[in-house]
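Here are some notes to read alongside the structure, written for someone meeting it for the first time. Please keep the view open and follow the points in order.

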Amino acid sequence: MEPRRLYRSQRNRIIAGVCGGIGEYFNIDPIIVRVLAIVIPGFGWIAYLLCALIIPSE
């Protein structure tokens, strides 16, 4: 069995595809990941920017 890889989504993308990629990886709705990224003050935006730089595109 091939291991799963985390990628920025090309299908579920609004800004950079980070939340869509995380949602696809954990098999959850990307909207939940987006809401969590917005609700966590400060840290959510910083984490999103770091993930957009670190996680490769699909």
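Predicted model: local features only at pLDDT ≥ 70, side-chain atom pairs only at ≥ 80, totals over all residues.

1. In the chain, Phe26 sits in helix H1, which covers residues 18-26.

2. Next, please look at how the helices H1 and H2 are arranged. Two packed helices are described by the distance between their axes and by the angle between them. Helix H2 covers residues 30-39, and its axis comes within 8 Å of the axis of H1. The two axes cross at roughly 125 degrees, and H1 and H2 are therefore oblique to each other. That label follows because an angle of 65 to 115 would count as roughly perpendicular and one over 145 as roughly antiparallel. The crossing of H1 past H2 is right-handed.

3. Between these two helices there is a loop, and Asn27 is found in it. Asn27 is not a glycine, yet its phi is positive, at about 60 degrees. Is Asn27 buried or exposed? Asn27 counts as exposed, with a relative accessibility of 68%.

4. Now for the charged side chains: how many salt bridges does the structure hold? There are two. In one of them, Glu24 pairs with Arg11, and the closest N and O atoms are 3.4 Å apart. This pair links distant parts of the chain, since Glu24 belongs to helix H1 while Arg11 is in the segment before H1, 13 residues away. Glu24 counts as partly exposed at 29% relative accessibility, whereas Arg11 counts as exposed at 61%.

5. Arg11 also meets the side chain of Glu58 in a salt bridge, with an N to O distance of 3.5 Å. Arg11 lies in the segment before H1 and Glu58 in the segment after helix H3 (43-54), so this pair ties together parts that are 47 residues apart in sequence. Glu58 counts as partly exposed, at 45% relative accessibility. Through shared partners, the salt bridges join Arg11, Glu24 and Glu58 into one network.

6. Back in helix H1, please find Tyr25. Tyr25 counts as partly exposed, with a relative accessibility of 25%. How far apart in space are Tyr25 and Ala37, C-alpha to C-alpha? The distance is 16 Å, for two residues that are twelve apart in sequence.

7. Ala37 itself lies in helix H2. With a relative accessible area of 18%, Ala37 is buried, because that class takes in values under 20%. Ala37 can also be compared with Ala47: these two are ten residues apart in sequence, and their C-alpha atoms are 8.2 Å apart in space.

8. Arg4 counts as exposed, at 54% relative accessibility. Between the C-alpha atoms of Arg4 and Ser57, which are 53 residues apart along the chain, the separation is 14 Å.

Technical notes: Residues numbered from 1 in each chain as written. Heavy atoms only, no water. Helix = DSSP H or I, 4+ residues; strand = E, 2+ residues; numbered from the N terminus. Axes fitted to C-alpha atoms, helices over the stretch in contact; angles between N-to-C directions. Parallel < 35°, antiparallel > 145°, perpendicular 65-115°, else oblique. Left-handed = near helix turned anticlockwise from the far one by under 90°. Buried < 20%, exposed > 50% of the residue type's maximum accessible area, 1.4 Å probe, protein only. Salt bridge = Lys/Arg side-chain N within 4 Å of Asp/Glu carboxyl O.
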